[in-house]
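Notebook open, viewer open. I went through the model and jotted down what I looked up, starting with the fold.

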Amino acid sequence: MRRKLGVPIVLAMLAALALLVPALGGDYYVHVFALVFTNVILAASLRPSLTCGQLNIGHSAFMSVGAYTSALLAKNLAVPFEISLLCGALLATLVGLAIGYPSLRLRGVYFAMVTVAFVEVIRLIAQLWVSLTRGMSGLSGIPKPSVLGMTLTSRASQYYLVVGLTLVILLVLWKLEHSRLGLIWKSIGMADNLAQSLGVNIARHKLLAFMLGCFFAGTAGAFYAHFIRFLFPPEFGFLMATNILVYNYVGGRGHFVGPIVGATFLSLLSEPFRGSPYETIFFSIAMLLTILFLPGGLITLPRKLAELRSWRTASAPTPSPAA
Amino acid sequence: MTLALLVQSAIVGVSLGSIYILMALGLTLMFGMMHIINFAHGAVYMLGAFVIYYVFFQGGVPYFAAFVTSMMLLGVFGYLVERSIYRPIKGGIEPTLVALLALTTFLQAAGYPVFGQLDKHVPPVFPGTTNVLGVGISIERLMIIPVAAALVIGLYLFINRTRLSAAMRAIEAAALQGVNVHVVNGLAFAIGFALAAASGALMAPIFKLDPMMGEQPLLKAFIIIILGGLGSIPGAILGGLMLGLIDSIVATALGAEPAFLLSFVFIILLLLFRPTGLFGYAS
């Protein structure tokens with residue numbers, strides 16, 4: 001019962017806090033938190049694939065597809081933001097189909113290796129197709145996002161847009177995870193041969209979970225493109241792909257809020273080191289320590305601490321009244 | 001493309017392929033034992049090259065001794081990684097992969113403050129060129145082929161003369177027969193890391209050194225083991241030679257990046273029609 005109530009409460013609190021950011025902080029905080037929300041979308045959208053037991057280490061590639069598609073449509077063809085965002089997300093999904101269909105029928109490690117290589121493929125295409133993407137000079141002059149023909153000029157309004165997007169996407173993912181489909185995904189992740197013996201088409205369900213993730217990664221990428229308004233191929237490299245995975249593991253794999261907690265915590269904590277090599281050093285150490293000492297992720301921290309406390313009181317059965 | 005250019009790029013391709021084979025063999029060996037992919041393989045290659053920079057170039061130690069040092073140091077490092085990361089996770093494949101990924105990003109990121117921001121260069125060990133079939137070939141590149149071949153043959157003999165080969169085929173059955181699984185896994189980590197270090201050490205005098213230098217060879221090794229089939233040693237050797245030749249000949253004709261894109265398209269097509277690779281076995 002507590003579990004079922006937990007998520008809506010956390011989401012409502014997050015939403016309330018999120019809406020206060022522009023009022024309380026300046027443009028800097030609005031900028032930082034908009035990127036935190038982008039990371040939350042990316043991390044949460046990786047979860048269905050991970051639930052199926054598929055290690056997708058190439059999520060940033062699909063973000064990149066969404067970002068470049070939406071940016072180029074809006075910039076070169078003056079397509080409205082809503083449509084270009086949708087096109088970016090759809091193309092990311094299609095590309096996901098092309099990569100996922102051959103590799104998802106095999107055991108997980110093949111898929112993991114193909115996704116890693118795919119990050120490099122997308123980066124090279126973005127880098128080499130200079131006439132379209134401007135290559136390593138970077139794509140600039142991307143129009144600001146607009147809603148129903150109204151351009152969102154202020155940082156705060158763009159921020160509210162990403163908050164809205166995040167809430168909708170989280171709601172969809174939450175509903176899916178607690179539907180029959182979510183149960184099937186879980187069963188595949190726990191014992192795929194057993195699930196198959198019960199008549200579950202595992203390849204199709206893995207592909208569906210993966211493509212769903214690609215769709216939302218493309219969405220996050222499209223928002224990112226119109227928010228930052230500058231795209232540079234190496235940005236969507238191996239490092240960003242690993243970070244998205246890290247959010248899930250550091251936050252915790254066992255519960256829906258895991259990637260949300262992980263993305264928020266790590267994005268905010270690494271903000272002071274942004275751009276320096278220490279950011280990555282910090283990330284990787286956090287990840288190693290979590291996997292070795294807190295395998296359930298940050299979301300299990302309260303329970304672990306409670307266990308530790310009860311263990312301590314149990315080992316000292318007669319606490320002195322003076323203490 | 002003239003015939004001379006073709007011969008030249010074929011020889012360079014075999015030399016490049018030898019490096020890829022050493023990388024892929026370590027990966028395939030570790031996969032065969034533990035069903036994990038060592039994502040840290042590229043970072044170990046990088047460390048292997050930097051050992052050459054410090055021990056051979058800065059320290060003035062003879063190249064061969066530096067080469068052995070590099071393999072030994074990183075072999076020990078591999079054993080330590082098995083003890084401190086693989087063993088505590090207790091065979092969880094997915095957490096192990098993520099932990100190795102974290103180790104990779106750590107080693108790469110820590111490389112910048114430790115080794116410096118500027119690219120490093122190691123002077124040639126075997127300078128000059130020699131004449132092969134009327135074409136000038138750098139001796140440095142040519143020397144890679146016998147060294148790699150010796151390592152591959154040594155590894156092959158070692159695996160087949162010891163109970164390691166049985167353990168590679170069926171680690172659980174080997175455990176039942178009294179093989180110490182921890183020792184075997186530690187050995188697989190040590191050998192895999194030492195082979196990656198050897199590749200890096202061989203390439204150090206040819207390419208520039210920077211903390212990210214292992215990423216490309218790692219991706220190539222991934223493509224090779226998908227191509228050759230996971231866990232297959234002949235597959236890794238054949239796949240490595242094929243990719244080395246593709247890389248050298250296509251790269252000479254079209255450039256390095258199209259060569260990589262082409263090999264990726266090739267493995268996606270291969271996965272569509274022959275999902276377990278050329279030599280792989282079904283799970």
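How many helices and strands does chain B have? I count 11 helices and 2 strands in chain B, where helices (H or I, at least four residues) and strands (E, at least two) are DSSP runs numbered from the N terminus. From the N terminus on, I read the order in chain B as α-α-α-α-β-β-α-α-α-α-α-α-α.

Housekeeping: residues are numbered from 1 along each chain as its sequence is written, while chains are lettered from A and ligands numbered from 1 in the order in which they are written. This is a predicted model, so I kept to its rules: local features need pLDDT of at least 70, side-chain atom pairs count only at pLDDT 80 or more, and totals for chains, interfaces and linings use all residues.

**Confidence.** I looked up pLDDT (the predictor's confidence in each residue, from 0 to 100). Chain B has a mean of 86, with 94% of its residues at 70 or more. For the complex, the predictor gives an ipTM of 0.81 and a pTM of 0.86.

**Overall size.** The radius of gyration of chain B is 19 Å, which agrees with the value near 19 Å for a compact globule of 283 residues; the radius is taken over C-alpha atoms, and the rule is 2.2 Å times the number of residues to the power 0.38. Along the principal axes, the C-alpha atoms of chain B fill a box of roughly 55 × 50 × 35 Å. I find 51% of the 283 residues in chain B buried (20 or more other C-beta atoms within 10 Å of its own; exposed is 12 or fewer, partly exposed in between; C-beta atoms are placed from the backbone).

**Helix H3 of chain B.** Its 27 residues (63–89) should span 39 Å at 1.5 Å a residue, and the end C-alpha atoms are 38 Å apart, which agrees; the expected span is 1.5 Å times one less than the number of residues. H3(B) bends by about 35 degrees at Glu82(B), the angle being between axes fitted to the seven residues ending there and the seven starting there. Just after H3(B), I noted a positive phi of about 60 degrees at Lys90(B).

**Another positive phi.** His35(B) has a phi near 60 degrees. His35(B) sits in the loop between helix H1 (3–34) and helix H2 (41–58) of chain B, and counts as partly exposed with 17 C-beta neighbours inside 10 Å.
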